[in-house]
Amino acid sequence: MPVLEGARLDEAKEIVGRYPEGRERSAIMPLLYLVQSVDGFVSRDGLTEVAGILGLTTAEVEAVATFYTMYRLRPTGTHVVNVCTNLACTLRGAREVYDAAREAAEVRHGQEVSDDGLFTVHEEECLGVCDVAPAVQINFANHDRVSPERMRELVAALRAQEVPDPARGPAVGSFRDASRVLAGLEVEGAPA
Amino acid sequence: MTVSFERRLTRDWDDPKVIGIDGYCAKGGYEALRNALNMEPSEIVETVKTAGLRGRGGAGFPTGTKWSFVPTDTGKPTYVVVNFDESEPGTCNNRELVDRDPHRLLEGTAIAALAIGCRTAFVYVRGEYLAQSLVLERAIREAYDGGYLGRGIAGTDVDLDVVLHRGAGAYICGEETALLSSLEGFRGQPRLRPPFPAVEGLYASPTVINNVETLMSVPDIILRGPEWFRQLGTEKSPGTKLFTISGKVERPGNYELPLGTPLRVLLEDVAGGVLGGRPLKAWTPGGSSTPLLTGDHIDTALDYESVAAAGSLLGTGAVMVLDDTDCVVDAAQRMTRFYAHESCGKCTPCREGTWWAERVLGRVADGYGVEDDLPVIEDLGRNIMFRAFCALADGAAAVLQSSLKHFRDEFEEHVRLGRCPFRAAHEEVAV
């Protein structure tokens, strides 16, 4: 079954149209986000379809997809929890927050997704919120000054199917929704 | 010493209404753009040049001069690209500027576009700034509806489109030629210069790439003039700058100060001092890519010249503070890990050198280092510095060189003791 069909294919065309004529290749990054918003990761089929839309080879699209860490090329948890452990956050206790996230989300060492499919936990580089360290992003929505205890609460909330209110910006319900926002598209059912 | 001056970039931060276009216009927003529409492009460039505005993204290159390099007679379109890929560790001032005052960025971008005859501008925002990308999306929509973007801006016959482009998690894309590669739909790897982007940038066309804070400084320069801009700051580093202070500090945050303000004022008077009143051990003046300085450098004035004279760089103005309980070897290892992760892999010294340095530093940090590891780290620093296409490598080398230069005894102590003197025994890493 194709990844981009129907309304998704129309959105793909809208994305391509954002860029100047003859410069359609620039749409590759938002198109990869669009693919990611459908399957929750960038699948092989998705790469091929993006290549087809842009008149490129799958290899050319894959070269881009593998360069950037925000594209996930393998199945991913419903929620992606990113814990910054760069220097400014580590100085304020981020390593303990990361450990707490792994433990609470039950992501074992070497595992990319928790057994229940709910969580992927990443140790992240600087997220640009050093003023409110330690910084955590859940589906790219920010949570400030997160203690290990708060980290456990956030994971527990997600388990209870609640979307915790972020420090700024709208709440993002899942990694798929985040990918839609990153493609520059509205999330269905979300307030504008 | 306290600081008293008229805030510029942050003056409306207490007023959440300026986030919307009506609130922004009520405070005089888009007036500078109207003025600029009545100026010759060369006059705009000259005004910014005279003001002495220097690029706030790290390099400090004079903005007006950068604009003046753009040829307008090539028959190709010209482009303005806003570098909102803020990713330098410790830096978050662009984020807060956009969160609190997004229209000022659009106004500055539009003025830059007028200066070089650009009809399509791009904003490259790092992917992790999802919330800010939405703030900007809304501001762009409002500016189109308000007639400040789109066809015939502000009632003239000038057209300007702004396209928002989200990155996807790559520090290297803050480097301007890597950013262009990324925006064109390629892997974000830097390109050889020359040709410089001003001549052959986006889509091989003349392009100006400016940092967010740089562009947001432009409207006031147009409105109030270069002399006003020069009233604060130093002769060679005029104006104010947003400093991010983080790490072991009482009140971390983004603070606007005149360039040339000493670190002591930023740290002690503005940010409340080192956390818990502990001694200042080390700090970065402008993110992890700028050489570490020590507590002895506390009176260094934060401007391009003075920080360079102290042996570092002003960079993005991101001060990360380490106190006397923090391990410099650990910090250097963590910073180096960042460069190893973010190296785009194009140049061997950076790709292999950062990978190697991370491991040697890790060994020393965990107490398994040997005496010969120190010369290895020095050698890696020497062989990475200035030997790659872009400044990412120089930033990585700066960490290696400056940590050893100022804290050699701490590295030696790790080797001598066979453990980290700052870590409690139970935290020791098992072999």
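Student: Which order do the strands of the open four-stranded sheet in chain B have?

Tutor: First, the terms. Strands (E, at least two residues) and helices (H or I, at least four) are DSSP runs, numbered from the N terminus. Two strands pair if DSSP finds at least two bridges between them. Here the order is S3-S2-S1-S4 (chain B), and the pairing is parallel. S3 and strand S4 (207-211) of chain B stand at the edges. Each has a single partner strand, so one side of each lacks a neighbour in the sheet. Neighbouring strands of this sheet are turned by 20 degrees against each other on average, direction ignored.

Student: What kind of model is this, and how are residues and chains labelled?

Tutor: It is a predicted model: local features need pLDDT of at least 70, side-chain atom pairs count only at pLDDT 80 or more, and totals for chains, interfaces and linings use all residues. Residues are numbered from 1 along each chain as its sequence is written, while chains are lettered from A and ligands numbered from 1 in the order in which they are written.

Student: How many bridges join strand S1 of chain B to S4(B)?

Tutor: Five bridges join S1 (residues 79-84) of chain B to S4(B), and the two run parallel. Asn83(B) stands opposite Asn211(B) in S4(B).

Student: Which strands does helix H6 of chain B touch?

Tutor: Contact means that two C-beta atoms, placed from the backbone, lie within 7 Å. Axes are lines fitted to C-alpha atoms, for helices over the stretch in contact, and angles run from 0 to 180 degrees between N-to-C directions. H6 (residues 102-116) of chain B packs on the sheet and touches S1, strand S2 (120-125), S3 and S4 of chain B. The direction of H6 makes about 150 degrees with that of S1(B).

Student: Which residues of helix H1 of chain A are buried, and which are exposed on the other side?

Tutor: Count the other C-beta atoms within 10 Å of a residue's own, all placed from the backbone: 20 or more is buried, 12 or fewer exposed, and in between partly exposed. In H1 (residues 7-16) of chain A, the buried ones are Glu11(A), Ala12(A) and Ile15(A). They cover an arc of only 105 degrees around the axis, so they lie on the same side of H1(A). That arc is taken from the directions from the helix axis to the C-beta atoms. An α-helix has 3.6 residues a turn, so residues three or four places apart point the same way. Ala7(A), Asp10(A) and Lys13(A) are exposed on the other side of H1(A). The buried residues of H1(A) pack against helix H2 (28-39) and helix H3 (44-54) of chain A.

Student: Why is strand S2 of chain A largely enclosed?

Tutor: Five of the six residues of S2 (residues 119-124) of chain A are buried, so the rest of the structure largely encloses this strand. Six bridges join S2(A) to strand S1 (residues 79-84) of chain A, running parallel. Val121(A) in S2(A) is the bridge partner of Val81(A).

Student: Which residues have the most contacts inside the largest nonpolar core?

Tutor: In soluble globular proteins, nonpolar side chains tend to be buried together. A nonpolar core is a set of buried Ala, Val, Leu, Ile, Met, Phe, Trp, Tyr and Cys residues joined through C-beta atoms within 7 Å. The largest here has 194 residues, and Ala101(A), Val82(B), Ile111(B) and Leu266(B) have the most contacts inside it. Helix H16 (residues 391-417) of chain B gives the most to this core, with 10 residues.
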